[in-house]
Amino acid sequence: MSNTTAQFVRTAYRDSASDQTAKRIMWLYIGSGLTLVGVMVVVGLGMRMAQGGMHTFQPGLFYSLMTLHGSAMMVGMALCGMGLLWYLFTQEGPLNPTTAIVACALILVGAVLVAISALVGGFGAAWTFLYPLPFVGTYWPSWATGVFLAGIACVVLGWTIWCLQMLGGVLTRYGGLRGAFAWDLVWSPKKFAATGQKPPPPQAFAVLVSAVDGLLAGSAGMLVGVALFARWLNPALPLDPLWVKNLTYIFGHTLANLTIYMPLAAVYVALPRYTHHRHWHTSAVLAVAWWATLAFVAIAYFHHLYMDFAQPRAVQYIGEAASYLAAFPPAVVTVFGGALLVYRSGFRWTLGSMFLYVGMIGWVVGGIGALLDVTVAFNIYFHNTLWVVAHFHTYLLEGALLFVLGWVFYCLEERSGATSSRAVRTLVSLGVFGGGAWLLLGWYLAGAQGVPRRYALQPAPGMEIGWWASLGGIILVVGLIMCGIEAIRLARRPAHREVSAA
């Protein structure tokens, strides 16, 4: 298919009823996800203010909120990435809308059940629910544990359905794994070029990796979920804590990683639209980078088990090596490629492009924090301190969330044909970037001082740092509120009729 014909087909598709349906489903996912994330940002700020001594929670409530915050934040970010990838893939090939709606509904039902278990039942074993914590020495009723496990099961089921649909779509569209991985582009580039075929676009690799690693994570989640549910029904049933912990982290750590990688597709698609005639093409280097990401994301979780001395030593080395190597593909290929794409390109700075570009910076900063944490010499001091909280909040708040907001504003700007004023961009930047950096700095400093995470009442200097870090959190929330108001303003503008070519 020639480029001209392909452009005509894409432009025609973008006005079709199928495209409108795909957009509604995308907004269902992203709207639900951002709502969850927004509420959980406020809940998280309340917890940080309590740690800073600004107010107090009743005993146990902090840990119930912490459980809800961690679970719902992960689900919310995953929903955003799932909706974004689902919509982008419909530009390449058909996907069944009903399947996507069923998957989303299951995940939302799961989120409601988790909220009931935490807010009504008082379940407070954290989103990691490490065995035997949900069953031993609890202050919440047994039914709350059962409802929590049922909620997680619904989330895993919905996630697995989505992964199966996306994997099926990728394999069908690109002719199996060989085509989806761009195998011939990498190993036989001249022959591949001679066929006239096109490799999958960069965002298709994010779909493939999310689906394959997502199915691995979902399988582990289902297995450990069934085991814990059986333990809940029969308290005499023995489980191996190390076996449970491995499965829990294959599920949880991989899913958390994928919530960061999924919205990266927005950078590939939207960032070039703000340049002057530049595009992001699939190269052999990019394809190999995503192959590496597929492998390293699946085995990097071992770095969470350094302190489990019964674990075979070899997997600890694998975990450290994979954690280091996982950083290179995104940093070298995607972030460096993005910087080159912007450099001297006549880049247009709007809210959408700002979020996408700064999101890459946040991604790098969070990655450096993570690399320090997985280094054994540092992990001895940082393990289970607020340093861990700092680096994954950098990933999420100033990385993945900014990618999602960048995509949202890109869509709104393209639809309305309007952008935000410089004053609005400045205020949002001060709130979201400035307030976010202020909040994150508090976690990094407290972590470096050895302040433990998951403590309602923190030893010194946790309370002092928590107090002033909360001020940054308040500024961040104000920035996000301004962001929401600006999004509503752009959404209420009449649609711009001119359709730009993809």
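**Entry 1: a proline loop**

I started at Pro 461, which sits in the loop between α17 (422–448) and α18 (462–492). I am working from a predicted model. The peptide bond leading from Ala 460 into Pro 461 is cis, and omega is near 5°.

Arg 454 is not a glycine, yet its phi is positive, at about 60°.

**Entry 2: another cis bond**

Which residues does the other cis bond I looked up join? They are Tyr 131 and Pro 132, with omega about 10°. I placed Pro 132 in the loop between α4 (97–119) and α5 (142–174).

I followed the chain into α5. This helix has 33 residues. From first C-alpha to last, α5 reaches 48 Å, close to the 48 Å expected at 1.5 Å a residue. Just after α5 comes Gly 175, with a positive phi of about 75°.

**Entry 3: Arg 344**

I went to the loop between α13 (313–342) and α14 (351–374), where Arg 344 lies. Arg 344 has a positive phi of about 55°, although this residue is not a glycine. Is Arg 344 buried or exposed? I noted a relative accessible area of 70% for Arg 344, so this residue is exposed.

Next I turned to helix packing. For a packed pair I note the angle between the axes and the distance between them.

I took α2 (residues 17–51) and α3 (residues 61–90). Their axes are 7 Å apart, and the packing angle is about 155°. An angle over 145 degrees counts as roughly antiparallel, and α2 and α3 are therefore roughly antiparallel to each other. The crossing of α2 past α3 is left-handed. I sorted the contact of α2 with α3 by class and found 26 nonpolar, eight polar and two charged residues.

**Entry 4: α3 against α10**

I stayed with α3 and looked at α10 (residues 241–261). The two axes come within 9 Å and cross at roughly 45°. That makes α3 oblique to α10. The crossing of α3 and α10 is left-handed.

Which residues meet here, in α3 and in α10? On the α3 side I listed Met 74, Met 77 and Ala 78. On the α10 side I listed Gly 252, Leu 255, Ala 256 and Thr 259. By class, the contact of α3 with α10 has five nonpolar and two polar residues, and no charged ones.

**Entry 5: α9 against α12**

My last pair was α9 (residues 202–233) and α12 (residues 284–299). Their axes come within 10 Å and cross at roughly 20°. Angles under 35 degrees count as roughly parallel, so α9 is roughly parallel to α12. α9 passes α12 in a right-handed crossing.

I wrote down the contact residues. From α9 they are Pro 202, Phe 205, Ala 206, Val 209, Val 212, Asp 213 and Leu 216. From α12 they are Leu 286, Ala 287, Trp 290, Thr 293, Leu 294, Val 297 and Ala 298. How do the residues of the contact of α9 with α12 divide by class, or what is the count of each? I have twelve nonpolar, one polar and one charged.

Key:
Residues are numbered from 1 along each chain as its sequence is written. This is a predicted model: local features need pLDDT of at least 70, side-chain atom pairs count only at pLDDT 80 or more; totals for chains, interfaces and linings use all residues. Side-chain values use heavy atoms; hydrogens and water are left out. Axes are lines fitted to C-alpha atoms, for helices over the stretch in contact, and angles run from 0 to 180 degrees between N-to-C directions. Helices (H or I, at least four residues) and strands (E, at least two) are DSSP runs, numbered from the N terminus. Angles under 35 degrees count as roughly parallel, over 145 as roughly antiparallel, 65 to 115 as roughly perpendicular and the rest as oblique. A crossing is left-handed if the near helix is turned anticlockwise from the far one by less than a right angle, and right-handed if clockwise. Ala, Val, Leu, Ile, Met, Phe, Trp, Tyr, Cys and Pro count as nonpolar, Asp, Glu, Lys and Arg as charged, and the others, Gly among them, as polar. Buried means under 20% relative accessible area, exposed over 50%, partly exposed in between (1.4 Å probe, protein chains only). The expected span of a helix is 1.5 Å times one less than its number of residues. Contact means heavy atoms within 4.5 Å.
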